[in-house]
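This report covers charged pairs and nonpolar packing. Please have the sequence and the model open while reading.

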Amino acid sequence: MRKYPPAWAFVLSAAFAAALPAGAEVQLQQLEWQLGRPAKTQAARFEAIPVLSLAGATLPGKIRVKLTLVNRGPKPVEGILLRYSVAARVAPKGRSQDGTWALPFMLEEKRVPKVGPNQIREVPLVPSMLGGYLLKLDQAGYAADQVKIQAMQEPRAGESYPVRVLESILEVRP
């Protein structure tokens with residue numbers, strides 16, 4: 001006579017299988033604003049900044065945003081396309097009024113070739129147009145009091161996890 005496992009074993013194994021990711025899944029974890037001041041003999045060393053202090057309308061160094069990706073799945077994920085936009089909250093200079101979020105002045109893509117299984121990957125996103133935009137605002141009599149970046153992973157066919165948009169706001173002080 002053949003013995004079969006009890007019925008609860010099938011229910012338990014089905015619940016356990018549903019709790020695991022269906023394959024490789026990359027998650028966007030966090031965004032961190034960083035400032036790097038280049039030295040003459042070395043590459044810029046980037047440090048996290050809570051506030052951006054401007055000297056006039058010029059940036060004090062190189063600005064970037066570190067995006068942390070995590071692959072929780074058992075398989076590597078290849079060909080990840082990240083999209084990000086940068087916008088500023090704009091207000092007239094010299095007036096004590098709240099700013100208004102302007103439309104994004106920058107929309108870019110960044111490709112990540114591969115993230116291995118159970119691997120954390122840090123990807124630098126460079127808001128290259130930020131310095132020029134701040135200068136243009138200054139010449140028009142406006143200033144940005146906050147800068148916002150939004151990042152997402154471009155959805156692909158066959159993936160079922162929800163689209164998640166990360167956002168980080170950096171305060172700007174003159």
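R173 is partly exposed, at 42% relative accessibility (buried means under 20% relative accessible area, exposed over 50%, partly exposed in between; 1.4 Å probe, protein chains only). E171 is also partly exposed, at 34%. The two form a salt bridge, with the closest N and O atoms 3.2 Å apart. A salt bridge here is a side-chain nitrogen of Lys or Arg within 4 Å of a carboxyl oxygen of Asp or Glu.

## Basis of the values

This is a predicted model, with residues numbered from 1 along each chain as its sequence is written. Local features need pLDDT of at least 70, side-chain atom pairs count only at pLDDT 80 or more, totals for chains, interfaces and linings use all residues, and side-chain values use heavy atoms, with hydrogens and water left out.

How many salt bridges does a search of the whole structure find? It finds seven. One of them joins the side chains of E154 and R83, at 2.5 Å from N to O. This pair links distant parts of the chain, 71 residues apart. E154 lies in the loop between β9 (142-153) and β10 (165-173), and R83 lies in strand β5 (residues 77-92). Helices (H or I, at least four residues) and strands (E, at least two) are DSSP runs, numbered from the N terminus. E154 is partly exposed at 25%, and R83 is partly exposed at 27%.

D145 and R89 also meet in a salt bridge, at 2.7 Å from N to O. D145 is in strand β9 and R89 in strand β5, 56 residues apart. D145 has 22% relative accessibility, and R89 has 21%. Both count as partly exposed.

## A salt-bridge network

Salt bridges also link E32, K66 and E122 in a network.

## The nonpolar core

In soluble globular proteins, nonpolar side chains tend to be buried together. The largest nonpolar core here has 36 residues. Such a core is a set of buried Ala, Val, Leu, Ile, Met, Phe, Trp, Tyr and Cys residues joined through side-chain atoms within 4.5 Å. Those with the most contacts inside it include L31, W33, L67 and I149. Elements supplying at least two residues each include β1 (26-37), β4 (62-71), β8 (119-125) and α2 (130-139). β5 gives the most, with seven residues.

L67 has contacts (heavy atoms within 4.5 Å) with residues including L28, L31, L82, V123, L125 and L166. Its partners also include Q30, R121 and E122. Residues up to four places away in sequence are not counted.
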